[in-house]
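Please keep the sequence and the structure in view while reading.

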Amino acid sequence: LLRAASQIGRPLTIIMAGTDEDEELRRLASQLPAGSRAHCLGFRADVAELNALFDVFVLPSEIEGFSLALLEAMARGLPCIATDVGGNREALSDGAGVLVPARNPEALAKALASVLNDPDAARELGARARARALREFDVRQTVARTEALYESLGSEESR
């Protein structure tokens with residue numbers, strides 16, 4: 001993310017939850033455009049609340065399972081950009097977000113600049129993310145689908 005942000009050419013405030021600052025991050029942050037700030041918050045249990053501070057949610061993982069943080073950002077209606085790893089493709093399908101290749105700062109920079117430079121498109125992207133999160137990943141929907149699966153498996157066993 002810091003490598004991508006250094007290519008955008010405008011000041012940004014970057015908040016990184018789940019990451020502790022180290023020498024490499026300090027070095028990369030020093031290459032950000034003038035006026036930019038990067039904050040490493042370490043482990044946080046309040047990421048859902050932090051989302052209220054964001055204009056864009058970026059998940060630049062190299063490996064990922066199915067990210068709860070991404071789903072929380074989607075549910076909040078944030079425009080989401082994530083690398084095409086793990087469950088991110090499923091979460092952001094149907095136009096609910098932007099996927100970029102992992103380890104590709106240029107692609108991430110292009111996607112981030114596009115979202116930041118077009119507030120109307122960003123709002124629409126966030127609205128699609130929220131609609132998908134509520135439609136597909138709401139806990140009530142997940143429980144209902146799981147119950148239906150168990151019921152179908154149970155009825156197959158009784159045959």
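The protein chain contains eight helices and five strands; helices (H or I, at least four residues) and strands (E, at least two) are DSSP runs, numbered from the N terminus. This is a predicted model, in which local features need pLDDT of at least 70 and side-chain atom pairs count only at pLDDT 80 or more, while totals for chains, interfaces and linings use all residues. Residues are numbered from 1 along each chain as its sequence is written, and side-chain values use heavy atoms, with hydrogens and water left out.

Read from the N terminus, the order of elements is α-β-α-β-α-β-α-β-α-β-α-α-α. The C-alpha atoms fill a box of roughly 70 × 35 × 25 Å along the principal axes. Among contacts (heavy atoms within 4.5 Å) with a separation of 6 or more, 54% join residues 24 or more positions apart.

Of the 159 residues in the protein chain, 35% are buried; buried means under 20% relative accessible area, exposed over 50%, and partly exposed in between (1.4 Å probe, protein chains only). The chain exposes about 9400 Å², of which carbon and sulfur atoms supply 51%; the areas come from the Shrake-Rupley method with a 1.4 Å probe, and for residues only the protein chains shown count as cover.

There are 18 positive and 24 negative side chains, and the centres of the two sets lie 5 Å apart. Lys and Arg count as positive and Asp and Glu as negative, with His and the chain ends not counted; each charge is placed at NZ of Lys, CZ of Arg, CG of Asp or CD of Glu.

Turning to the cysteines, C40 is partly exposed at a relative accessible area of 21%, whereas C80 is buried at 0%. A search of the whole structure finds zero disulfides, a disulfide being a pair of cysteine sulfur atoms within 2.5 Å.
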